[in-house]
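Here is a short briefing for a reader new to this structure. Start with the view below, then work through the points by topic.

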Amino acid sequence: AECVSGCVCPEGLFDDGKGGCVEEKDCPCIHNNQWYSSGEKVSVDCNTCTCQKGVWSCTEYVCYGTCMIYGSGHYITFDGRFYDFDGSCEYVATQDFCGDKDSSGSFSIITENVPCGTTGVTCSKAIKMFLGKTELKLENKDYKEIQRDVGDDVRYWNRTVGLYLVIEASNGVMLIWDKKTTVFIKLTPDYKGKLCGLCGNFDDKSSNDFTTRSGLQETNALKFGNSWKQSSMCPDVTQEIKPCDVKPHRKSWAEKECSIIRSEVFKICHSKVDPIPFYEACVHDACSCDSGGDCECFCSAVAAYAQECTKAEACVFWRTPDIC
């Protein structure tokens with residue numbers, strides 16, 4: 001949209017927005033505040049966009065959806081909404097049992113959150129995955145299978161890839177777990193708009209992700225999160241916890257450590273994935289993990305940003321013998 005003809009350029013040439021005049025075929029395109037010349041390509045999720053005459057032309061594949069839950073209650077929904085929710089209970093991360101009571105579905109993923117540290121923030125301790133009549137419980141770096149009486153037969157496979165345990169099911173559901181507090185849920189496009197839970201509804205609009213269990217649109221993350229608890233015995237979360245205010249002596253350490261996200265190390269990624277929400281989540285986690293495991297909390301938070309960078313095709317080698 002920057003490429004316009006006008007009184008600044010000779011007839012037949014266009015102002016390229018950078019002080020030069022070019023032919024229409026050489027008009028550049030802009031993406032995430034970066035300029036790309038004509039013919040250059042960028043990847044957006046599973047699609048490739050090519051700059052043509054100042055306009056992006058993209059392939060239209062339907063992509064897998066990914067929801068990420070990591071650290072002390074940080075969520076990125078299938079549609080890319082970033083929010084925090086610190087509840088100590090079991091919650092529905094995502095499921096396709098939505099709508100009325102008798103609605104049929106094929107899977108449900110529950111996250112069990114427990115306090116980590118003394119400030120009151122919570123981390124995911126265990127994940128339960130219901131696939132037809134099979135229940136898988138992932139906990140203590142391992143998983144076990146429980147067979148139930150009701151439900152269909154859904155086959156699944158497991159494998160270990162690097163740090164992660166990957167469970168892939170025949171119904172298009174994939175769970176990737178780092179055996180600690182990070183979990184990625186990947187789903188095929190068939191589930192678009194059919195989901196509910198803390199990961200949102202996967203309809204490509206982030207504005208309506210806060211849909212409660214009763215189907216209402218909520219603006220408040222706490223009310224939305226509370227509606228997805230599994231047991232009415234758990235208390236509701238009434239206020240957002242700010243661990244750095246509770247433990248001010250940890251704040252400067254947290255900010256110093258987490259500054260790696262905003263540093264030169266990740267420079268190639270900054271224009272592709274906004275580092276600020278990940279930096280803030282990192283500081284929050286580094287302040288909160290005050291009863292051991294603080295390095296682990298910090299490392300998970302940086303790894304979450306590195307993972308998003310990799311998805312945006314900005315590979316960053318950030319682990320060193322001294323860092324994580």
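Which residue meets Asp204 in a salt bridge between side chains? The partner is Lys192, at 2.7 Å from N to O. This is a predicted model: local features need pLDDT of at least 70, side-chain atom pairs count only at pLDDT 80 or more, and totals for chains, interfaces and linings use all residues. Residues are numbered from 1 along each chain as its sequence is written, and side-chain values use heavy atoms, with hydrogens and water left out.

**Salt bridges**

- The structure holds 13 salt bridges (a side-chain nitrogen of Lys or Arg within 4 Å of a carboxyl oxygen of Asp or Glu).
- Asp204 and Lys192 both lie in the loop between strand E19 (183-187) and helix H1 (221-227), so their pair ties together parts that are 12 residues apart in sequence.
- Helices (H or I, at least four residues) and strands (E, at least two) are DSSP runs, numbered from the N terminus.
- Asp204 is exposed at 56% relative accessible area, while Lys192 is partly exposed at 27%.
- Buried means under 20% relative accessible area, exposed over 50%, and partly exposed in between (1.4 Å probe, protein chains only).
- Lys311 pairs with Glu308, their closest N and O atoms being 3.4 Å apart.
- Both Lys311 and Glu308 sit in helix H6 (residues 294-311), 3 residues apart, about one turn of the helix.
- Lys311 is partly exposed at 37%, but Glu308 is buried at 14%.
- A network of salt bridges links Glu112, Lys125, Lys137 and Glu139.

**His74**

- His74 belongs to strand E9 (residues 74-76).
- His74 counts as buried because its relative accessibility is 0%.
- Its side chain makes a polar contact of 2.6 Å with the side chain of Asp285.
- The His74 side chain also reaches the backbone oxygen of Ala281 at 3.5 Å.
- A polar contact is a pair of N or O atoms within 3.5 Å; within protein, one must be able to donate a hydrogen and the other to accept it, and residues adjacent in sequence count only if both atoms are side-chain atoms.

**Hairpin**

- Strands E14 (residues 134-139) and E15 (residues 142-147) run antiparallel, joined by 6 bridges (strands pair if DSSP finds at least two bridges between them).
- E14 and E15 form a hairpin with 2 residues between them.
- In the turn, Asn140 has a positive phi of about 50°.
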